[in-house]
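Here is a briefing on one protein chain. Please look over the sequence and the 3D view, then work through the points below.

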Amino acid sequence: MLKAPELLLPAGSLDKMHAAFDFGADAVYAGQPRYSLRVRNNDFSTLPTLQQGIEGAHARGKQFFVASNIFAHNAKLKTYLRDMEPVIAMRPDALIMADPGLIMMVRDKWPEVPIHLSVQANAVNWADVKFWHRMGLTRVILSRELSLDEIEEIRQQCPEMELEVFVHGALCIAYSGRCLLSGYFNHRDPNQGTCTNSCRWDYKVQHAAEDATGDFAQVIPLQFQQALQEAEQRPFSSLHQQPRHPLADKAYLIEEAERPGQLMPIMEDEHGTYIMNSKDLRAVEHIERLVKIGVDSLKVEGRTKSLYYAARTAQVYRRAIDDAVAGRPFNIDLLGQLQGLANRGYTDGFYQRHHTQTYQNYMRGASEANRSQYIGDVLSVQDGWARVEVKNRFSVGDRLEVIHPQGNRDIELTRMLSDDGAEISVAPGSGHFVRIALDASLDRALLARYL
C-alpha cells in the first residue's frame, strides 16, 4: 500500500483555512507576526487570530504550521525569543524556519518544538538534508529547483527525514524566493516579509534617448540617474566577444503601469536580465510519481488568493492523491479544473526537464477542456433559493458547476432573481447579490461557470 502524503494548504484567513479543510487539506500554514515572509495580506498577523487558527485546526483533527522564516538582522535577534513565547504557548504543530541562528535559539529554548526547514534555506541535495536531521529538524521543504529524479535520490539517501515539496502556486523568479527586486524598487525587503511582487508588475520598456530628449533629469527620478549613467558607460564589449546588435549597448528604461512617469533603468550583463514574471506552478500531473517516491507532504502556495482558490486546489489535489494511492490512473479532467483558477500560465517548474511533443499536446488539450470561471459564493439556501454573492458575470442559460465538500454537480441555470425577488437574466458582476434555485444540501457552496 502506498502512503498518502499530507496535503498542505496556505491559510491567509480563518475562512480560507476552513475551506481548505472542508475540501480535503490535512494541514495549513500561516505567517507569524513580524518574523515570517507572510506578513502582508495575512489575517494571522495578530496573535488572537493566530490562536483561533491553531485551536480551530486542532478541533478538526488537523495540523497548523507557523512560518517564522525570515533571515533576521541583529535588531530582531534582541526580541525574537520574547516574541516567540506566546506563539509557542499556542502549541503550533511545527515552526517553518530558515535562519540557522534562529533555529539554534529555538532548539536551545524549546527543544520539544518540531521545526521544518523552509524552502528559503535552499536544500538541494541529500547531504544538506542529513545535516539538518543531525540538527534535530523533523522535516525539510526541498528547494523548488529540483527535478523528480533528484527528489527521489534524496528520499533514498535520507529515509529518516520527512520531505515536503511545492506542487502548486506562484513561482518566484529568484532562486527559491531570495529576491531583491522589491527592495530595490520601493524599499520593501522581500527577505523580511514585505515583498510587493515587483516581478509581476506590468512593465513597458523604453529606450532612454526616445523619451529623455537628451536631458535624463527631466524624466528619470534622481535616485536612478547615476545607475543609468553607469549603464550607458558600461564596457559591454569586454563581456561579449561575438557581434552585437547596435541597440544592445544602449540604456533602457522600464515603466510600471501603476507608476506612470517613474522610469527605472534596466541593465543587462553577460548573464542576461532578470526582471520577468514566472508562470505559476502546477504539478498535479506528477502527484502519482511523488507519491511513489514517498514524499511526505505536498504543498500549495497562495495565501492571498481567493476562497475559491483554496477550495479548488484542495479538492483537486486531494483527488489526485487519493487516485494515486488507490492505483487509479491520473484523471486529466483535473488539469481543466485548475485552468479555471486565476493564473499566469502554468508550468511544472523543474520537475521534468524535457517534454515530448505528444505530452505537450496532451497537457494543452486537457487544460482547455471543461474550463471554468469562478462566479460566486452561496451565502445561504432558504425555501429552495440560494442567495449568491456574485464574483463574476453570469447569465440564465449558463452551465454552472456547484462546488461543495460533499461532491460537485453540474446544473443548467434556467431562472434567476434579483436580491429583492425580481426576475432577471444577468448577474452583472462583483458587488451584486442574486438568487438561484438550489438544493439546501448545497449551502455554502462555490459556483463556477463553464466557458
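Phe64 touches Met17, Val28, Ala30, Phe44, Leu50, Gly53, Ile54, Ala57, Pro92, Asp93 and Ala94, leaving out residues up to four places away in sequence. Contact here means heavy atoms within 4.5 Å. The model is predicted: local features need pLDDT of at least 70, side-chain atom pairs count only at pLDDT 80 or more, and totals for chains, interfaces and linings use all residues. Residues are numbered from 1 along each chain as its sequence is written, and side-chain values use heavy atoms, without hydrogens and water.

**The nonpolar cores**

- Phe64 is also one of the residues with the most contacts inside the largest nonpolar core, along with Leu142, Val167, Ile287 and Leu290.
- This core has 92 residues.
- Its largest share, ten residues, comes from helix α11 (residues 307-326).
- A second, separate core has 19 residues, including Ile375, Phe394, Ile411 and Met416.
- A nonpolar core is a set of buried Ala, Val, Leu, Ile, Met, Phe, Trp, Tyr and Cys residues joined through side-chain atoms within 4.5 Å.
- Buried means under 20% relative accessible area, exposed means over 50%, and partly exposed lies in between (1.4 Å probe, protein chains only).
- Helices (H or I, at least four residues) and strands (E, at least two) are DSSP runs, numbered from the N terminus.

- Strand β1 (residues 6-10) is mostly covered, with five of its five residues buried.
- Glu6, Leu8 and Pro10 point one way from β1, while Leu7 and Leu9 point the other way.
- In a regular strand the side chains alternate between the two faces of the sheet.
- β1 runs parallel to strand β12 (residues 297-300), and three bridges join them.
- Across that pairing, Glu6 stands opposite Ser297 in β12.
- β1 also runs parallel to strand β2 (residues 27-31), again with three bridges.
- There, Leu8 has Ala27 in β2 as its bridge partner.
- Two strands pair if DSSP finds at least two bridges between them.

- β1, helix α1 (residues 14-22) and β2 form a right-handed β-α-β unit.
- Right-handed means that, with the strands pointing away from the viewer, the path from the first strand over the helix to the second runs clockwise.
- Lys16, Met17, Ala19, Ala20 and Phe21 are buried in α1.
- Their cover includes β1, β2, α2 (47-59), β3 (63-67) and α11.
- Just after α1, Gly24 takes a positive phi of about 120 degrees.
- β2 and β3 run parallel, joined by five bridges.
- Val28 stands opposite Phe64 in β3.
- Four of the five residues of β3 are buried.
- β3 and β4 run parallel too, with three bridges, and Ala67 stands opposite Ile96 in β4.
- The chain passes from β3 through α3 to β4 in a right-handed β-α-β crossover.

**Helix α4**

- Which residues of helix α4 (residues 100-109) are buried? They are Leu102, Ile103, Met105 and Val106.
- These residues lie on the same side of α4, because they cover an arc of only 160 degrees around the axis. The arc is taken from the directions from the helix axis to the C-beta atoms.
- Met104 and Asp108 are exposed, on the face turned away from the buried side.
- The cover over the buried residues includes α3 (74-89), β4 (94-97), β5 (115-117) and α5 (126-134).
- Asp99 caps the N-terminal end of α4, with a side-chain oxygen 2.7 Å from the backbone nitrogen of Gly101.

- Glu164 sits in strand β7 (residues 162-169). Why does Glu164 count as buried? Its relative accessibility is 1%.
- The side chains of Glu164 and Lys299 are joined by a polar contact of 3.1 Å. A polar contact is a pair of N or O atoms within 3.5 Å; within protein, one must be able to donate a hydrogen and the other to accept it, and residues adjacent in sequence count only if both atoms are side-chain atoms.
- Ser418 is in strand β19 (residues 416-418), and counts as buried because its relative accessibility is 15%.
- Leu451 lies in the segment after β23 (446-450), and counts as exposed at 60% relative accessibility.
- The C-alpha atoms of Leu451 and Ser372 are separated by 5.3 Å, although these residues are 79 residues apart along the chain.
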